[in-house]
Amino acid sequence: MSGNIELLNTTLAAAKAEDRAALIAYLPAGFPTVDGGIEAVKAVIAGGADVVEVGLPHSDPVLDGPVIQTADDIALRGGVRIADVMRTVREAYEATRVPILVMTYWNPIDRYGVERFTAELAEAGGAGCILPDLPVQESALWREHADKHGLATVFVVAPSSQDARLATITAAGSGFVYAASLMGVTGTRASVGAQAQELVGRTRATTDLPVCVGLGVSNAGQAAEVAGFADGVIVGSAFVKAMLDAPDEAAGLDAVRSLAGELAQGVRKR
């Protein structure tokens with residue numbers, strides 16, 4: 001079975017045709033439980049997310065700030081496994097027909113087996129993977145299997161990336177480019193900053209792929225600001241925090257659905 005890279009491509013193109021940025025939501029699998037995590041993904045989609053990144057919880061999430069680390073710890077202590085991540089992708093995709101990617105560090109894939117991981121992700125209806133710590137020069141094996149199974153390979157670029165490096169990264173990627181708005185870890189911030197706009201401009205000079213900005217966006221105003229210069233707005237920590245702060249799971253689902261609705265309005269006010 002082929003993965004859903006084409007669904008991802010057409011979804012991002014449709015948002016562009018509507019003269020708006022896409023809203024891309026991130027939630028970790030297995031948080032607060034596997035079933036609860038699946039419902040949370042459905043809730044952000046019901047609220048207005050165009051694309052969802054399902055995080056594969058990791059014991060050493062170097063790119064993630066304290067909010068996502070807390071959720072990952074809850075998921076890991078709950079016994080989440082890669083099979084649960086695949087189940088999350090499958091059930092969310094079957095229920096919504098929205099493109100679902102997995103965001104993961106490289107070590108779990110390496111240990112699981114690249115061919116096995118890509119085949120299972122495609123079979124589950126996944127659209128691709130975001131791989132924040134896989135160096136492009138070491139990505140040939142992954143890309144070979146991802147291409148074979150119809151999966152996008154999304155690389156992360158940062159403000160520190162030199163122009164030549166940006167060109168190398170974007171030439172190897174597919175689906176979209178994940179532009180980290182600043183140096184540091186994930187988390188909500190008072191301001192997304194001018195660094196992100198400059199990075200988007202430099203990245204666009206190297207590729208026709210959509211450039212989507214993450215790290216720091218937490219409200220409709222920031223979403224509108226980023227949507228003014230990016231093709232997609234990626235929000236993670238704000239959704240996870242809404243779940244963590246909720247008194248129970250039902251309230252958490254209501255909170256993320258409501259936040260997605262606010263952010264979906266924001267990306268339409270670019």
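**Figure 1. The largest pocket of this predicted model has a volume of about 270 Å³.** This is a predicted model, in which local features need pLDDT of at least 70 and side-chain atom pairs count only at pLDDT 80 or more, while totals for chains, interfaces and linings use all residues. Residues are numbered from 1 along each chain as its sequence is written, and side-chain values use heavy atoms, with hydrogens and water left out. A pocket here is an open set of points on a 1 Å grid over the protein atoms alone, with protein on both sides within 12 Å along at least five of seven lines; lining residues have an atom within 4 Å of a point. A volume is the space filled by probe spheres set on the points, with grid points joined across faces, edges and corners. Thirteen residues line the largest pocket, and Leu-56, Pro-57, Ile-82, Pro-108 and Arg-111 lie nearest its centre. Two elements give two or more residues to this lining: helix 4 (82-96) and helix 5 (106-112). Helix 5 gives the most, with four residues. Helices (H or I, at least four residues) and strands (E, at least two) are DSSP runs, numbered from the N terminus. Sorted by class, the lining has eight nonpolar, three polar and two charged residues. Here Ala, Val, Leu, Ile, Met, Phe, Trp, Tyr, Cys and Pro count as nonpolar, Asp, Glu, Lys and Arg as charged, and the others, Gly among them, as polar.

**Figure 2. The second largest cavity holds about 70 Å³ of space.** A cavity is a set of points where a 1.4 Å probe fits but cannot get out. Searching the whole structure turns up two cavities of 30 Å³ or more. Look for Tyr-26, Gly-55, Leu-56, Asp-64, Asp-72, Met-103, Thr-104, Tyr-105 and Pro-132, which line the second largest cavity. By class, they divide into five nonpolar, two polar and two charged.

**Figure 3. Ring pairs link Trp-106, Tyr-112, Phe-117 and Trp-142 into a cluster.** The structure holds three aromatic pairs. Rings of Phe, Tyr and Trp (its six-membered ring) pair if their centres lie within 6.5 Å; planes under 30 degrees apart count as stacked, over 60 as edge-to-face and the rest as tilted. Trp-106 and Trp-142 have ring centres 6.2 Å apart and planes at 90°, so this pair is edge-to-face. Trp-106 sits in helix 5 and Trp-142 in helix 7 (residues 140-148), so the pair ties together parts that are 36 residues apart in sequence. Trp-106 is buried, with a relative accessible area of 17%, and Trp-142 is buried too, at 1%. Buried means under 20% relative accessible area, exposed over 50%, and partly exposed in between (1.4 Å probe, protein chains only). For Phe-117 and Trp-142, the ring centres are 6.3 Å apart and the planes at 55°, so the pair is tilted. This pair links distant parts of the chain, with Phe-117 in helix 6 (residues 114-123) and Trp-142 in helix 7, 25 residues apart.

**Figure 4. Thr-153 is found in strand 5 (residues 152-154).** This residue is buried, with a relative accessible area of 1%. Which residues touch Thr-153, leaving aside its neighbours within four places in sequence? Thr-153 is in contact (heavy atoms within 4.5 Å) with Cys-129, Leu-131, Trp-142, Arg-143, Ala-146, Gly-173 and Ser-174.
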